[in-house]
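Please read the points below alongside the sequence and the model.

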Amino acid sequence: MENNEQEWTDAVAAARAFEMGESVASPVYADKAPEPQHDVRLGVEHLDLFYGDHHALKDVNIAIRDREITSFIGPSGCGKSTLLRCFNRMNDSVKDCRIEGSITLDGADIYADYNVTRLRQRVGMVFQRPNPFPMSIYDNVAYGPRGLGIKDRDELDGLVEESLRRAALWDEVKDKLKSSGLGLSGGQQQRLCIARALAVKPEVLLMDEPTSALDPISTVMIEQLAMELKEHYTLVVVTHNMQQASRISDSVAFFLLGELVEHAETGELFRNPRDTRTQDYLTGRFG
Ligand SMILES: Nc1ncnc2c1ncn2[C@@H]1O[C@H](COP(=O)(O)OP(=O)(O)OP(=O)(O)O)[C@@H](O)[C@H]1O
């Protein structure tokens, strides 16, 4: 399946969810991970993930802190998106995907007895390519709340406006809320998708290469937006863009071949990587 088809399928699956009610040692530097400034929101312990026989994540341990931006970097195929998708169980629908270990959200194991609809309401996702639904701007944002049973027009109006404001799009679209979301520019569409994710009042926002399909100006807008959003949300961002990771992240995790090699404060990781594999990647020796 093409990537964008997969993303569309995932986005629809997430939205629909609202309607239904080789063996590698532990991360070398796990003990030197950044000192927590904020509470741990997502905790990953001894996570192994297999796609059939393929061991895609290997004994991953990481703590994702609240109201910070954590970026995942690493060469293509190292497992960044796979881990991101575990956080709201988007891999559940992947045939032959199996996980071992635990992921907790505020201490509760999301792979134990956890309501997946509730999980996807608390943990929203923004994909690489903007994927507005083929409906009006208003209906795109109201889609999730309606799926959660909100019917009151004033309440929906309030949620739509608040979400579009938070996504820094309100001023640009307030006079054309009935127009199709597909008529917006790429950067506006991505902000619309962020507004759509915010409308169900999530606590965590996952972003999978959210700017890789955008022009530089739209990229800057999304980066600024992400930095504003972290005041209220926990953000996890997959990016191939090292400058972006260094600009927006509080901490950065470097993955290689399914292993979390190093997780450190952003300045520390870029200035003083502890693992030679991280150094080699950052200096362009591979990847
Ligand atoms: N649905 C799937 N079924 C089988 N294998 C998969 C599936 N999704 C990913 N993989 C494999 O798992 C490994 C990790 O993939 P993943 O997409 O998580 O990597 P990534 O680091 O996000 O890569 P990229 O930067 O290219 O997006 C790769 O070898 C990939 O081919």
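The numbered points below cover the basis of the model, an annotated domain, a cavity and several individual residues.

1. Basis. The model is predicted: local features need pLDDT of at least 70, side-chain atom pairs count only at pLDDT 80 or more, and totals for chains, interfaces and linings use all residues. Residues are numbered from 1 along each chain as its sequence is written, and side-chain values use heavy atoms, with hydrogens and water left out.

2. An unreviewed UniProt entry places the feature "domain: ABC transporter" at residues 42-282; UniProt positions follow the numbering used here, feature names are shortened, and annotations may be inferred rather than shown by experiment. Over residues 42-282 the chain is 37% helix and 27% strand, where helices (H or I, at least four residues) and strands (E, at least two) are DSSP runs numbered from the N terminus. The end C-alpha atoms of residues 42-282 are 26 Å apart.

3. Second largest cavity. The volume of the second largest cavity is about 30 Å³. A cavity is a set of points, on a 1 Å grid over the protein atoms alone, where a 1.4 Å probe fits but cannot get out; grid points are joined across faces, edges and corners, and the volume is the space filled by probe spheres set on the points.

4. Cavity lining. Which residues line the second largest cavity? They are Met207, Pro210, Thr211, Ile222, Glu223, Ala226, Val237, Gln244 and Ile248, lining residues being those with an atom within 4 Å of a point. The elements giving two or more residues to this lining are helix H8 (216-229) and helix H9 (242-248), and the largest share, three residues, comes from H8. By class, the lining has six nonpolar, two polar and one charged residues; Ala, Val, Leu, Ile, Met, Phe, Trp, Tyr, Cys and Pro count as nonpolar, Asp, Glu, Lys and Arg as charged, and the others, Gly among them, as polar.

5. Glutamine 244. This residue belongs to helix H9. Glutamine 244 is classed as buried because its relative accessible area is 2% (buried is under 20%, exposed over 50%, partly exposed in between, with a 1.4 Å probe and protein chains only). Its side chain makes a polar contact of 2.8 Å with the side chain of glutamate 223; a polar contact is a pair of N or O atoms within 3.5 Å, and within protein one must be able to donate a hydrogen and the other to accept it, while residues adjacent in sequence count only if both atoms are side-chain atoms. Leaving out residues up to four places away in sequence, glutamine 244 touches Thr211, Thr219, Glu223, Thr239 and Ser249, contact meaning heavy atoms within 4.5 Å.

6. Positive phi angles. Alanine 168, although not a glycine, has a positive phi of about 55°. It lies in the loop between helix H5 (153-166) and helix H6 (170-173) and is partly exposed at 35% relative accessible area. Glutamate 209, also a residue other than glycine, has a positive phi near 45°. Glutamate 209 sits in the loop between strand E7 (204-208) and H8, and counts as buried at 15% relative accessibility.

7. Aspartates in loops. Aspartate 250 is in the loop between H9 and strand E9 (251-256), and its side chain is joined to that of lysine 230 by a polar contact of 3.0 Å. Aspartate 66 is in the loop between strand E2 (54-65) and strand E3 (69-73). The side chain of aspartate 66 makes a polar contact with that of threonine 234 at 2.8 Å.

Technical notes: On a 1 Å grid over the protein atoms alone, a cavity is a set of points where a 1.4 Å probe fits but cannot get out, and a pocket is an open set with protein on both sides within 12 Å along at least five of seven lines; lining residues have an atom within 4 Å of a point.
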